Amino acid sequence: MPQVRGFGNRWAFYSVESGDKEAPRTVFDPEILDPQTIWMRDGHCRAYPAAVFFPSDGAGVEIARRICEDCPVKATCLEYALDEHIDHGVWGGCSERERRRIAKRRRTAAALTVPAAAATD
Ligand code: SF4
């Protein structure tokens, strides 16, 4: 079974022509999702070309973000991208830069957290 770690959705779904060459869409391929990535089948992005989620400018990021806005697996998607340290693309409605900021905030918060055992010593 092919691995879908890394670019997840972008590998888990493949583009097909819908008959209209101007309207490519993606379809779910259940063969390449595992229990950790099965949520991807519910993502709104599966109805769009993968390139939409790898924008080259801010306007493109905004387009992807709008698609993610009411996606039912948005939170899971964002956590997946953070856990897997995915550097590219829009995931969970966040750009690479936004994910770096979130990861940095979490690292800082974790470093400032005093372990319970140490606090009682
Ligand atoms: S949050 Fe965005 S990138 Fe993630 S699954 Fe949903 S539509 Fe796709």
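What follows is a short exchange on how the labels were assigned.

Modeller: Keep in mind that this is a predicted model. The chain averages a pLDDT of 77, and 68% of the residues score at least 70.

Colleague: What makes residues 1-25 a stretch to handle with care?

Modeller: Over residues 1-25 pLDDT stays under 50, on a scale from 0 to 100. The model does have 48 contacts beyond four places in sequence for this stretch. Where pLDDT is low, however, predicted coordinates should not be read in detail.

Colleague: What is the secondary structure of the chain?

Modeller: It comes to five helices and two strands, and read along the sequence the pattern is α-β-β-α-α-α-α.

Colleague: Why is histidine 85 called exposed?

Modeller: Histidine 85 has 9 C-beta neighbours inside 10 Å. The cut-off for exposed is 12 or fewer, so histidine 85 counts as exposed. This residue lies in the loop between α3 and α4 (96-112).

Colleague: What is the phi of histidine 85?

Modeller: Its phi is positive, about 55°, although histidine 85 is not a glycine. Most residues other than glycine have a negative phi.

Colleague: How do you know that the buried residues of α2 line one face of the helix?

Modeller: The buried residues in α2 are Val61, Ala64 and Cys68. Seen down the helix axis, they fall within an arc of 65°, so they line one face. These buried residues pack against α3. The face turned away from the buried side carries Ala59, Glu62 and Arg66, which are exposed.

Colleague: How much of the chain counts as buried?

Modeller: Of its 121 residues, 20% do. As for contacts between residues at least 6 apart in sequence, 45% join residues at least 24 apart.

Colleague: Which residues come nearest to the ligand?

Modeller: There are 14 residues around the ligand, and Gly43, Cys45, Cys68, Cys71 and Cys77 come nearest. The elements giving two or more residues to this shell are α2 (58-68) and α3 (74-83).

Colleague: How do the residues of the shell divide into nonpolar, polar and charged?

Modeller: Eight are nonpolar, five polar and one charged.

Technical notes
Residues numbered from 1 in each chain as written. Predicted model: local features only at pLDDT ≥ 70, side-chain atom pairs only at ≥ 80, totals over all residues. Near = placed C-beta within 6 Å. Helix = DSSP H or I, 4+ residues; strand = E, 2+ residues; numbered from the N terminus. Nonpolar A, V, L, I, M, F, W, Y, C, P; charged D, E, K, R; others polar. pLDDT = per-residue confidence, 0-100. Contact = placed C-beta atoms within 7 Å. Arc of directions from axis to C-beta.
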